[in-house]
Amino acid sequence: MIKNILNLGDAALYCDFGKEVNKETNTQVIKYFKSIKEENIDGINNLTPSYNKLIVSFDLKKTNFKKLKNKIENLNINKDNYFKNKKIEIPVCIDENFSLDIERLEKKLTLSREKIYENFFLKEFFCYMTGFIAGMPFLGDLDKNMRVNRLETPRVKVPRGSVGLTEQFANIYTFDSPGGWNIIGNTPLTIFDSSKEDEPNLINPGDLVTFKEITKEQYINYNG
Amino acid sequence: MVKNYFDILRAGINTTFQDQGRNNLYHIGIPFSGAMDNRNYLLSNKLVGNKLSKPVLEFAFQGPLLKYHGNKINIAITGDVNFEIKKNNNLILGECYKSFTLENGDELDIISTNKSVYGYLAIGGELELKFQWSSCSVNTKANIGSNNGKKLEDKQKIFVSKINLNHNHRFLNYVNTKIENIRIVKGTNFDYFSAQGKSDFLKNKFKVSKLSDRMGMRLEGKKIENVIDTNIKSEGLVKGVIQVPADGNPIIMLSDHGTIGGYPKIGVVISADYDKLVQLTPGSEIKFKEVDLINAETLFKLYDLETQNLISQI
């Protein structure tokens, strides 16, 4: 449930679902996101779900904070309907050219690389949100012994397809982009495809994701 | 059939196609984009008789040098821009907020913006452009929009598929004023900052850094003191949000911003001041003034009314 609705500037609602970052809270966020989207409320021009918040941006020419807040507080949220978790398997190559930060992780986590990869490939991840850059999925939750901070100095350019870890999350860089996640491999799969306007993202909030190791040869041949 | 087109002899620093941007894509990580200075974008289209939502060329600092080939066509430039039109051996000094007619072989040299960042070139007709999610706006970070999501480069061509037949000259008596006082409403993490930090934010001047672009405007000044946490759980952002990372220097989110972020939000620039904000050049001084939500809404109504008035004067 929404705990509180504040204004974020003069043209957005900041819906707060609580402090915790967990699947239960995030599931609520996604349910609200989908329900509001289906309502097609006049004036709303963007919805941004995240771990425990939902930002509702609107056109100030058509509506305002007070009117929309009222509408959203009185919205009938469909509690059952919305969760069909799609299952997706992502191929990952962990060749040394791709696993840029595995040595750092071995040191920081005091785990061997074999153990780190075993943990990672056995895990089923839940997609909390997508964004920052187009299509980037935030996937949780890593076990407590696998959690590590960002790099102290972010890379100027993380290669497209890089799979990274930070804190309780894994993610995939959908473009070459600056970034500070600990990179452990690379996927040849296209995660964001702007030519597919209806569904550009391979992974969407609520989806379940596993990673599967592939060889360098399989990686090279992946896209023909 | 003879094609009408512009040859790009010099592309300029950051020249892109822009329109009103694209909605309802934040949740997949795609920002609005669109013209940075919306008022000047709308005015440029009106000056050449286009529908207001048509694509235009947005340029920053140095604009393009274009050679035109084809039938008579009207163009107009808005903002605060120095430009010239070369007709045979005649040099015509350009004026903003006024339409000009180009003929076959004419050159349009958009030399520079003057005490501002962005300018707009509208072309009276239909441009041959690819649209994505109903917008041609170029987002160079995600390579979305027309021109394969890239800025224009030398030696490219811009094709015009249909020219507006009415070549009457239009103009507007308007001066693009500069403002240094930017009004804000408090951000959702305003209380993460110490009393001193809040007071520094609202009383001191900040300098616009060179590291500013369509994604964000970085500011430099006295470090704003955070007493709670310099990180928050990543959450959605909107245009105008002022984030303060650990180094204490504010960053204002602009049209191509990342859709989510994890730094505390001290304030949000009001919608009425956004068009003026983006025109502040690196080195400019900026001072924030707090207003409440009701005031921000009223100020936007006034700003919008003024824009509509200007449009109707053309």
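**A friendly note on chains A and B**

1. Let's start where the two chains touch. Chain B brings 37 residues to the contact, and chain A brings 44 residues. Please keep in mind while you look around that this is a predicted model.

2. How much area is buried between chain B and chain A? The figure is about 3400 Å², and carbon and sulfur atoms give 60% of that area. In general, the size of an interface is often given as the accessible area lost when the parts come together.

3. Now for the charged side chains at this contact. Between chain B and chain A the count is one salt bridge. You can find a salt bridge between the side chains of A:K61 and B:D304, with N to O at 3.7 Å. Over all chains, the count comes to 30 salt bridges.

4. Next, have a look at two helices of chain B. Helix α1 (residues 38-47) packs against helix α4 (residues 293-313) at an angle of about 15°, and their axes are 10 Å apart. Angles under 35 degrees count as roughly parallel, so α1(B) and α4(B) are roughly parallel to each other. The crossing of α1(B) past α4(B) is right-handed.

5. On the α3(A) side, the contact is made by A:I102, A:E103, A:L105, A:E106 and A:L109; on the α4(A) side, by A:R113, A:I116 and A:Y117. By class, that gives five nonpolar, no polar and three charged residues for the contact of α3(A) with α4(A).

6. Stay with helix α4 of chain A for a moment. A:K115 and A:E118 form a salt bridge there, their closest N and O atoms being 3.6 Å apart. How are these two residues spaced along the helix? A:K115 and A:E118 are three residues apart in helix α4, so about one helical turn separates them.

7. Most residues other than glycine have a negative phi, and most peptide bonds are trans. Look at A:N40, in the loop between α1 (23-39) and β3 (44-49) of chain A: its phi is near 50°, a positive value in a residue other than glycine. Then turn to A:G140 and A:D141, which are joined by a cis peptide bond with omega of about -5°. A:D141 has its place in the loop between β7 (137-140) and β8 (155-158) of chain A.

Notes:
Residues numbered from 1 in each chain as written. Chains lettered and ligands numbered in written order. Predicted model: local features only at pLDDT ≥ 70, side-chain atom pairs only at ≥ 80, totals over all residues. Heavy atoms only, no water. Axes fitted to C-alpha atoms, helices over the stretch in contact; angles between N-to-C directions. Helix = DSSP H or I, 4+ residues; strand = E, 2+ residues; numbered from the N terminus. Parallel < 35°, antiparallel > 145°, perpendicular 65-115°, else oblique. Left-handed = near helix turned anticlockwise from the far one by under 90°. Contact = heavy atoms within 4.5 Å. Buried area = accessible area lost by both parts, 1.4 Å probe. Salt bridge = Lys/Arg side-chain N within 4 Å of Asp/Glu carboxyl O. Nonpolar A, V, L, I, M, F, W, Y, C, P; charged D, E, K, R; others polar.
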